Amino acid sequence: MLSLLSERIQGIFKKLRSKGRLTPEDVDGALKDIRVALLEADVNFRVVKDLVNRIRERAVGQEILESLTPAQQVVKIVHEELTRLMGGGERGINWAPQPPTVVMMVGLQGSGKTTTAAKLAALWKKQGKRPLLVAADVYRPAAVKQLQVLGEQIGVPVFSWESQDPVEICRRSLEQNLPFPPNPVIIDTAGRLHIDVPLMEELKAIKEEIQPQEILLVVDAMTGQDAVEVAQRFHADLGLTGVVLTKMDGDARGGAALSVLAVTGCPIKFMGTGEKIGNIEIFHPDRLASRILGMGDVLTLIEKAQEHVELEKAKEWHKKIQQRDFTLEDFLEQLKQMKKMGPLEELLHLLPGLGPIKELKGVEVDPKEVVRMEAIIQSMTPEERRNPAIINSSRKKRIAAGSGTRIQDVNRLLRQFEETKKLLQVLTEGKGKKKKMKELPFPWI
Amino acid sequence: MNFFQRLKEGLRKTREEFSRHLEALVGFKREIDEEFTEGLEEALILADVGLPTTQYLMEQLGQQIRARGVRTPAEALAYLKEEVASLLGREVSPLNWAPSPPTVILMVGVNGSGKTTSLGKLAFLLAREGKKVVVAAADTFRAAAIDQLEVWAQRSGAAFIRHQPGADPAAVAFDALQAAKSRGWDVVLVDTAGRLQTKVNLMEELKKIKRVLAKEQEGAPHEVLLVLDATTGQNALSQARLFKEAVEVTGIVLTKLDGTAKGGVVVAIARELELPVKFIGLGEGIEDLQPFYPRDFAEALFTDIRPEGGEKQICSS
Ligand SMILES: Nc1nc2c(ncn2[C@@H]2O[C@H](COP(=O)(O)OP(=O)(O)OP(=O)(O)O)[C@@H](O)[C@H]2O)c(=O)[nH]1
Ligand SMILES: [Mg+2]
């Protein structure tokens with residue numbers, strides 16, 4: 001453990017030195033393997049071809065990081081590129097200015113629409129909203145019943161209507177006069193083939209009728225080459241606003257996501273990660289990029305090397321601390337770094353010229369804790385993140401509900417943030433022997 | 001134009017282009033050149049055959065070309081179709097019947113692949129042949145799964161055995177088998193909950209169902225059918241491998257071939273795991289289940305058949 005850490009620390013202090021530039025041969029060699037990896041991950045043939053060409057253009061001539069081989073450097077570029085591609089677009093929900101926000105779930109048979117509809121309802125309910133589920137699948141046997149059972153489980157009302165016409169069902173669901181108007185309204189439509197003209201027309205009619213803010217295409221992570229065909233047709237007919245990737249808890253590499261993205265340009269908004277109602281996550285582009293590339297070992301290596309690069313980030317933070325500009329977002333970023341690096345105390349011990357620092361004794365970050373903190377910070381408004389002083393008790397309540405935590409958790413986080421900020425100021429302003437740390441390029445304290 | 005627009009443009013006509021492209025290549029090309037073989041390779045990959053099996057097929061073709069067994073593009077295409085059909089076993093793979101009834105058939109697969117629907121269609125098919133069929137609702141997990149299956153049992157006129165939601169699936173299967181034995185019914189069809197092949201405890205549950213059936217009757221289950229969605233890509237290999245390891249799958253039902261997906265991954269599965277495809281699903285109607293004809297499938301792999309064009313069936317029967 002210690003030797004690994006010291007290796008890392010040395011890595012961090014090593015200067016970013018260039019080992020030359022990528023030649024066309026370097027790039028072509030590496031891209032062969034990458035092409036294989038992408039095809040095995042089910043990224044569409046044409047998408048792979050285009051991506052590979054694009055990356056070739058970008059990569060030739062780039063500098064190679066000190067600790068990487070040219071091939072690894074190319075993998076790094078590809079990984080960045082995939083992350084960037086998948087991370088684009090507005091990934092939040094387009095909430096209607098006038099409630100209710102209407103969200104329509106569409107997709108092929110068996111892709112996971114019904115389960116996802118219920119998961120989203122549960123998620124939004126937890127955030128203090130009042131969702132309504134609408135059972136508009138009149139075709140599959142017991143589809144309505146399935147949604148009703150799920151609705152019951154999560155305590156969300158389900159609208160159904162004795163009608164064979166989904167358009168009518170959807171219209172009526174919005175016409176109800178309820179004491180507490182529902183928001184959002186989530187429509188579960190029947191699974192259908194993208195080439196089934198009458199059924200695609202039906203979806204268009206529903207869209208016309210209810211004017212949804214969101215039309216989410218539910219895509220099975222296991223989908224193969226046909227994903228482009230499917231996504232293209234749904235997008236052309238309906239104008240999708242986002243994608244949900246399901247069944248990500250299996251061992252599918254999920255390359256279909258890239259294909260879907262390539263043909264629709266729609267952001268991936270959520271990920272289904274299990275059969276339980278709580279198994280829905282916000283989409284993480286970097287994780288999926290790693291998964292699609294599948295080159296675990298190489299990526300770990302690259303990540304290590306990447307730590308050099310984070311020197312730049314550290315300097316930025318240093319400046320922020322001195323200008324007392326250190327925000328909750330920076331704090332979160334640091335926590336994540338710490339999770340990666342291991343216990344802080346051990347780490348600092350390895351630094352030359354530094355004795356034990358009493359303030360940091362026992363400071364260690366539990367990965368689960370980081371996830372919780374992340375949720376809390378993400379539930380804050382940008383204003384709150386910049387200026388936590390405005391977080392009063394009603395705001396705390398909202399933040400706790402939004403992140404599925406308790407008020408105590410929010411309080412603790414705010415306290416920890418204040419303490420960290422104070423500590424950082426002491427350290428950077430420098431008193432006594434701690435003066436040595438003035439230039440401390442450390443992101444993770 | 002940005003990346004997406006460019007790509008979209010390029011992809012727009014992929015399908016149409018590609019089969020026309022192949023036809024054109026075969027029709028107009030006198031010689032097998034790189035453009036032609038690349039076209040074939042692309043066809044196989046776009047059909048989800050997967051890289052290793054595609055490369056294997058292309059190597060076989062290469063050898064033929066070098067040995068002058070194959071000279072023209074038309075011959076090359078015919079050769080590949082023949083190779084694919086031979087990997088898939090050429091002939092129809094019939095159901096394995098118990099020496100004395102009842103024959104027990106267990107349907108397994110990942111979530112949403114089409115197990116319940118295929119079971120319903122199969123019940124109908126067998127009932128039409130005059131068999132007495134009982135259906136066991138051993139998916140006690142998914143919401144309303146039992147009700148869904150009950151509708152199918154009614155549609156096909158099969159007997160129906162159910163327990164409460166959440167009950168032990170093995171117990172449901174056991175009851176159905178016992179009922180069939182005591183009443184002299186011919187076939188027991190067991191629906192199971194969808195599960196991802198990597199979930200160890202759920203795979204254990206499946207093994208238990210199988211054990212209970214085997215203990216109650218010699219040789220049962222006589223068929224373990226893995227229901228595979230034709231839209232699935234290379235993950236189908238992992239599904240086939242892990243389900244086979246857990247419950248000795250005897251055959252595949254390839255569903256949703258009425259879409260645009262080709263289901264080519266079954267070629268890779270046949271090559272690596274020697275699992276035959278027994279049936280294909282071609283729609284949501286009760287009659288949309290057909291035996292699998294390897295030659296027709298191989299033919300369809302290289303052709304673009306669309307329902308709009310009036311060509312719905314991939315198999316001629
Ligand atoms: N177009 C088409 N749809 C199919 C086919 N087979 C099944 N489906 C549809 O796919 C969806 C899922 O089918 P199910 O039979 O419920 O799948 P399952 O494997 O039992 O699903 P779980 O039990 O939830 O894991 C339903 O909407 C079916 O109507 C087929 O061959 N073609
Ligand atoms: Mg089922």
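Mentor: A definition to begin with: strands are DSSP runs (E) of at least two residues and helices are DSSP runs (H or I) of at least four, both numbered from the N terminus. Please also keep in mind that this is a predicted model.

Trainee: Understood. Which strand gives the largest share of the lining of the largest cavity?

Mentor: Strand 7 of chain A does, with 4 residues. Strand 7 (214-220) and helix 9 (227-238) of chain A each supply at least two residues of that lining.

Trainee: How many residues line the largest cavity, and which lie nearest its centre?

Mentor: The lining has 22 residues, and those nearest the centre are A:Leu108, A:Ser111, A:Asp220, A:Thr223 and B:Thr231. By type, the lining residues comprise 10 nonpolar, 9 polar and 3 charged.

Trainee: What is the volume of the largest cavity? And how many cavities of 30 Å³ or more does the structure hold?

Mentor: The volume of the largest cavity is about 200 Å³. The structure holds 9 cavities of 30 Å³ or more.

Trainee: Changing topic to chain B: how many helices and strands has it?

Mentor: Chain B has 12 helices and 8 strands. It consists of 317 residues, of which 58% count as buried. Among chain B contacts between residues at least 6 apart in sequence, 75% join residues at least 24 apart.

Trainee: What order do the strands of the open sheet in chain B follow?

Mentor: The open sheet has 8 strands in the order 3-2-4-1-5-6-7-8, and the pairing is mixed. Strand 3 (159-161) and strand 8 (289-291) of chain B are at the edges; each has a single partner strand, so one side of each lacks a neighbour in the sheet. From one strand to the next, the twist averages 25°.

Trainee: Strand 4 of chain B, then. Is it largely enclosed or open, and why?

Mentor: Strand 4 (residues 187-192) of chain B is largely enclosed by the rest of the structure, because 6 of its 6 residues are buried. In a regular strand, side chains alternate between the two faces of the sheet. Here both faces are covered, with buried B:Val187, B:Leu189 and B:Asp191 on one side and buried B:Val188, B:Val190 and B:Thr192 on the other.

Trainee: How many bridges join strand 1 of chain B to strand 4 of chain B? And strand 2 of chain B to strand 4 of chain B?

Mentor: Strand 1 (residues 103-108) is joined to strand 4 of chain B by 5 bridges, and the two run parallel. B:Thr103 stands opposite B:Val187 there. Strand 2 (residues 133-138) is joined to strand 4 of chain B by 6 bridges, again in parallel. B:Ala136 has B:Val190 as its bridge partner.

Trainee: What about strand 6 and strand 7 of chain B?

Mentor: Strand 6 (residues 251-255) and strand 7 (residues 277-281) of chain B run parallel and share 3 bridges. B:Val253 stands opposite B:Phe279.

Trainee: Which strands does helix 10 of chain B lie across?

Mentor: Helix 10 (residues 235-247) of chain B lies across strand 1 and strand 5 (223-229) of chain B, at about 165° to strand 5 of chain B.

Trainee: Finally, chain A. Is A:Val103 buried or exposed?

Mentor: A:Val103 is buried, with a relative accessible area of 0%. A:Val103 is placed in strand 3 (residues 102-106) of chain A.

Trainee: Which residues does A:Val103 touch, not counting those up to four places away in sequence?

Mentor: A:Val103 touches A:Trp124, A:Val185, A:Ile186, A:Ile187, A:Glu214 and A:Leu216, with that exclusion. As for A:Leu120, 17 residues from A:Val103 along the chain, the two C-alpha atoms are separated by 9.9 Å.

Terms used: Residues numbered from 1 in each chain as written. Chains lettered and ligands numbered in written order. Predicted model: local features only at pLDDT ≥ 70, side-chain atom pairs only at ≥ 80, totals over all residues. Heavy atoms only, no water. Buried < 20%, exposed > 50% of the residue type's maximum accessible area, 1.4 Å probe, protein only. Contact = heavy atoms within 4.5 Å. Pairing = 2+ DSSP bridges. 1 Å grid on protein atoms, 1.4 Å probe; cavity = no way out; pocket = protein on both sides within 12 Å on 5 of 7 lines; lining within 4 Å. Points joined across faces, edges and corners; volume = space filled by probe spheres on them. Nonpolar A, V, L, I, M, F, W, Y, C, P; charged D, E, K, R; others polar. Axes fitted to C-alpha atoms, helices over the stretch in contact; angles between N-to-C directions.
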